[in-house]
Amino acid sequence: MSALNHKKIDKALFISPIVNMEKLIADMMMWANVTENELESKKEINTGFGETLSWEYLCYVRRNRVKWSVPTYILYGGKDNLTSKETVTEFANKIGAKLTVKEDGEHWFHTDEQMKFLDRWIMDSINN
């Protein structure tokens with residue numbers, strides 16, 4: 001979203017978006033039992049779940065808040081393990097997006113049933 005802030009976009013469709021990167025980084029720090037002071041001191045910390053936490057990136061995220069005013073449709077999986085329903089709902093309300101929740105969906109839509117739902121959602125969103 002940051003890269004598209006100044007582009008002319010008629011409509012956006014987001015599938016499982018990360019709408020609050022600072023919160024996700026804070027959550028990952030908590031999962032990895034890493035404090036902000038520790039991250040600042042070490043600059044980068046590898047986690048046990050395959051992600052590298054970066055002080056520089058956290059600072060970048062804080063300096064570059066997302067500003068979004070494009071008509072937006074969001075598809076969210078109710079079992080998303082990266083973004084909470086509360087976080088995505090707050091973002092959707094803030095920008096006036098139409099939020100669709102697939103309660104048994106995950107962050108990555110991948111099962112046949114999820115993909116059929118995704119295909120229908122895309123077509124419905126495009127035609128709105």
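The following exercises, with worked solutions, concern a predicted model.

**Exercise 1.** Determine the strand order of the open sheet and identify which strands stand at its edges.

*Solution.* Step 1: the open sheet has 3 strands, arranged as β1-β4-β5 with parallel pairing. Step 2: β1 (12–15) and β5 (98–102) each have a single partner strand, so one side of each lacks a neighbour in the sheet, and these two strands stand at the edges. Step 3: on average, neighbouring strands of this sheet are turned by 15° against each other, direction ignored.

**Exercise 2.** Describe the pairing of β4 with β5.

*Solution.* Step 1: strands of a sheet pair through backbone hydrogen bonds, in either a parallel or an antiparallel sense. Step 2: β4, comprising residues 72–77, pairs with β5 in the parallel sense over 5 bridges. Step 3: Y73 stands opposite K98 in β5.

**Exercise 3.** State which strands helices α4 and α5 lie across, and give the angles.

*Solution.* Step 1: helix α4 (residues 85–95) lies across β4 and β5, and runs at about 170° to β4. Step 2: helix α5 (residues 112–127) lies across β1, β4 and β5, and its direction makes about 165° with β1.

**Exercise 4.** Classify W31 as buried, partly exposed or exposed, and locate the surface patch to which W31 contributes.

*Solution.* Step 1: W31 belongs to helix α1, which spans residues 21–31. Step 2: buried means under 20% relative accessible area and exposed means over 50%; W31 has 42% relative accessibility and therefore counts as partly exposed. Step 3: together with M30 and F49, W31 makes a nonpolar surface patch of about 340 Å².

Notes. Residues are numbered from 1 along each chain as its sequence is written. This is a predicted model: local features need pLDDT of at least 70, side-chain atom pairs count only at pLDDT 80 or more; totals for chains, interfaces and linings use all residues. Side-chain values use heavy atoms; hydrogens and water are left out. Patches are made of residues with over 30% relative accessible area and no salt bridge: like charges are joined within 9 Å, nonpolar side chains (Val, Leu, Ile, Met, Phe, Trp, Tyr) within 5 Å. Accessible areas come from the Shrake-Rupley method with a 1.4 Å probe; for residues, only the protein chains shown count as cover. A salt bridge is a side-chain nitrogen of Lys or Arg within 4 Å of a carboxyl oxygen of Asp or Glu. Helices (H or I, at least four residues) and strands (E, at least two) are DSSP runs, numbered from the N terminus. Buried means under 20% relative accessible area, exposed over 50%, partly exposed in between (1.4 Å probe, protein chains only). Two strands pair if DSSP finds at least two bridges between them. Axes are lines fitted to C-alpha atoms, for helices over the stretch in contact, and angles run from 0 to 180 degrees between N-to-C directions. Contact means heavy atoms within 4.5 Å.
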